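Q: Hey, could you take a look at this one with me? I have a few quick questions.

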Amino acid sequence: MEKETVLKVSSLDVFYKNRKRKLFSKQSKKIQALFDVSFEVQEGEVLAIAGESGCGKSTLARAIVGINKDYEGVIWQKYGDPQMVFQDPYNSLNPAKKVGWLLEEPLKVDKKRKWTKEERQQRVKEIMEEIELPLNMLERYPSQLSGGQRQRVCIGIALMRNPKLLIADEPVSALDVTIQAQIMELLRNLHKKLGISIIFISHDLRVVYQISDHVMVMKNGRIVEYGATKDVYRNPQAEYTKQLLKAAGITR
Amino acid sequence: MKKISFKKIIKDPYLAIGILIMGLVLLMIIVGFFWTPYDPTKMSASEKLQGISLRHIMGTDNMGRDVFSRVMYGSRVTLLIAMGTIIIGAGLGTIIGAVTGYYGGVIDEVAMRIIDALFAFPSILLALVIVSVFGVGWMQLVVSLGIAFVPSFARIVRGEVLRCKDMDYIQNARLQGVGSLRMIFVHILPNIKGVLASSILIGFNNAVLAEAGLSYLGVGSQPPYASLGRMLSDAQQYMFTRPSYVMCPGIVIVLMVLGFAFLGEGIKRWE
């Protein structure tokens, strides 16, 4: 089966402006967070990005979805409108809105087409089925949900407009282990069912192994290793990857 | 978000007392719309400065007008002026604060410096300046007090918007393509409604006091029509000969302010 490329990133440099400069100092320093990052994502593939905190994983995600526009290089996407699941499910749902409203919102602001009220509600029901939550939760506020349920809602919101590319930025790091397994299971099922490409960001190599086809290991804003998951885990090339595997207790 | 239930309201003493006091005051005002014991402007030379009696439960004033009728009428005027003030002040203040807080940058700097300048003015002085330019009357009073109340609301709302706008859920919404205006008014403002509600009630308080103060200075509603501040100012000459005349409107002002303060505190604790 011929696979097509859905995302192609070439020689990407991402910068951070020192945004708080008004308060403390007048000079505006630019901090470079990513150096010459290039990779491709195939249709229906799960690419995992692994690395320690602060290595630029989230920066990369934010550049791809367009939250951080301050970059040089090329980000080419076949479909556009990628969606993202954030790390902390306690902060990524608007506490003043009910779950049903939150799920409908991506359709209300959809620029590609107008959704009627019936269509929206129909779609919300479909999604609730896919994220395996009962329909009576539509009337709840996020504060009345558990962490795992919230993360399901976040995934649901991201999937509302049928994106072809989903970026999951440490989606399970804030959850405890049993819930982690459930959410991973959900992501795997959705991936199989919908055939979307997923960029899965995590610092936990054990979690990465469960889901990914390819792994990209990053350190200090650079890619240090890229390859098929099994190859990388069996035969890591970079010293840093070996360290990470050792820390995760995977290599003997 | 908690459900509003009677039991919970009763459990919170602030909310319960606030609702009780405001209920009494509002009842008096609403009844005053349809019925007052006497015509609040009808003078009677034979019944000047009477004390508290069954005929006049708050006595009469220096022109023989029934004080209770005037209090009923005057607290309505005071409350309406305070409401107008808050609508202008909170409305403009919220819009200015939300927009400047959300966009930041140059707009924020410029608007906040203007707000700072307004803040530096005592609100009574500002109102006096506006009244002296546009003349005396309750419309001018509402507008001038409203403008004087803008800065504090703008400040509060701006701070809250700044706190909210970097939250993940706002970034998430931005990612879905939510436009700026929708973001401010649909996504951010509902999150600060608790803070806004309690500061509106505290503002109400200040507005009642400011109205009373300005009417006392003679720039509010004009005789023969009453407002609570106006009545205080008329009554002060007779403070010693007929204390009930000055005390009755004073007590109603105190009740109003207390009621709003308790309600505001109750709502703050409710959140």
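**A chat about chain B**

Q: Where is Ser227(B) found?
A: This is a predicted model. In it, Ser227(B) sits in the loop of chain B between helix H9 (193-216) and helix H10 (228-235).

Q: Is Ser227(B) buried or exposed, and why?
A: Ser227(B) is buried, because it has 29 C-beta neighbours inside 10 Å, and 20 or more is the cut-off for buried.

Q: How far apart are Ser227(B) and Gly74(B) in sequence and in space?
A: In sequence they are 153 residues apart, yet their C-alpha atoms are 3.7 Å apart in space.

Q: OK, zooming out. How many helices and strands does chain B have?
A: Eleven helices and zero strands. Along the sequence, the pattern of chain B reads α-α-α-α-α-α-α-α-α-α-α.

Q: And what box do the C-alpha atoms of chain B fill?
A: Roughly 75 × 50 × 30 Å along the principal axes. Chain B has 271 residues, and 44% of them count as buried.

Q: What about contacts within chain B?
A: Taking contacts with a separation of 6 or more, 69% are between residues 24 or more positions apart.

Q: Switching to the contact between the chains: how many residues come from chain B and from chain A?
A: Chain B puts in 16 residues and chain A 17 residues. On the chain B side, the elements giving two or more residues are helix H7 (168-175) and helix H8 (180-188).

Q: Which of them gives the most?
A: H7(B), with seven residues. By class, the side of chain B that touches chain A has seven nonpolar, six polar and three charged residues.

Note on methods: Residues numbered from 1 in each chain as written. Chains lettered and ligands numbered in written order. Predicted model: local features only at pLDDT ≥ 70, side-chain atom pairs only at ≥ 80, totals over all residues. Helix = DSSP H or I, 4+ residues; strand = E, 2+ residues; numbered from the N terminus. Buried ≥ 20, exposed ≤ 12 C-beta atoms within 10 Å, placed from the backbone. Contact = placed C-beta atoms within 7 Å. Nonpolar A, V, L, I, M, F, W, Y, C, P; charged D, E, K, R; others polar.
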